[in-house]
Amino acid sequence: MLSKKLADEISGQITKEAYSAYLYMSMASYFEVETLPGFAHWMRVQAQEESCHAMIFFNYMADQGQRVTFGAIDAPPFEFSSPLDVFKKTLAHEKIVTKSIYHLAEIAVGEKDFATQKFLDWLISEQVEEEKNASTLIGKLDRIKNSSEGLFMIDAELAARMFVLPAPLTTVP
Ligand code: FEO
């Protein structure tokens with residue numbers, strides 16, 4: 001049984017994950033207009049993943065017999081100055097999400113809620129991947145500077161990203 005505090009915090013996390021999907025859709029839209037379809041595709045997949053993260057938390061609340069309190073989703077940023085700017089903002093956002101999930105874990109540890117601690121394991125590992133993806137792209141974009149050729153090579157690479165259903169959603173709740 002989840003404490004009210006954890007249930008409220010997890011509801012808040014669902015809103016944050018929904019915001020993440022919104023943020024990455026805004027970035028995908030920017031890349032579409034910049035005629036960088038590979039980058040736009042990568043961000044679409046990222047947005048899909050974020051919706052999955054929201055659903056993972058939603059399913060956990062359902063498993064624990066808890067109603068979700070849905071919060072309002074803020075408007076994401078609209079202005080981006082370059083692909084590098086986008087991925088710097090992506091990394092900064094993912095660091096905030098990581099902190100938020102650590103906060104959930106701290107509460108679960110404090111309450112000796114072992115089920116929630118175990119549930120959060122996958123999400124904590126996922127954040128390592130999320131931050132690494134953004135950092136790697138920042139490194140690549142930094143290296144090519146303003147080379148159009150380099151940008152189009154990265155665009156082609158990002159076009160190959162496939163959406164994979166996250167492991168916690170592969171079993172029907
Ligand atoms: Fe759902 Fe990108 O963290």
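**Notes on the fold and the pocket**

1. Read from the N terminus, the elements of the protein chain follow the order α-α-α-α-α, where helices are DSSP runs of H or I with at least four residues and strands are runs of E with at least two. The radius of gyration, taken over C-alpha atoms, is 17 Å, close to the 16 Å from the globule rule for 173 residues, so the chain is as compact as a globular protein of that length; the rule is 2.2 Å times the number of residues to the power 0.38.

2. This is a predicted model, in which local features need pLDDT of at least 70 and side-chain atom pairs count only at pLDDT 80 or more, whereas totals for chains, interfaces and linings use all residues. Residues are numbered from 1 along each chain as its sequence is written, and side-chain values use heavy atoms, with hydrogens and water left out.

3. Along its principal axes, the C-alpha trace spans about 55 × 25 × 25 Å. Of contacts (heavy atoms within 4.5 Å) between residues at least 6 apart in sequence, 82% join residues at least 24 apart.

4. Helices H3 (83-110), H4 (114-144) and H5 (148-158) each supply at least two residues of its lining, and H4 gives the most, with three; lining residues have an atom within 4 Å of a point.
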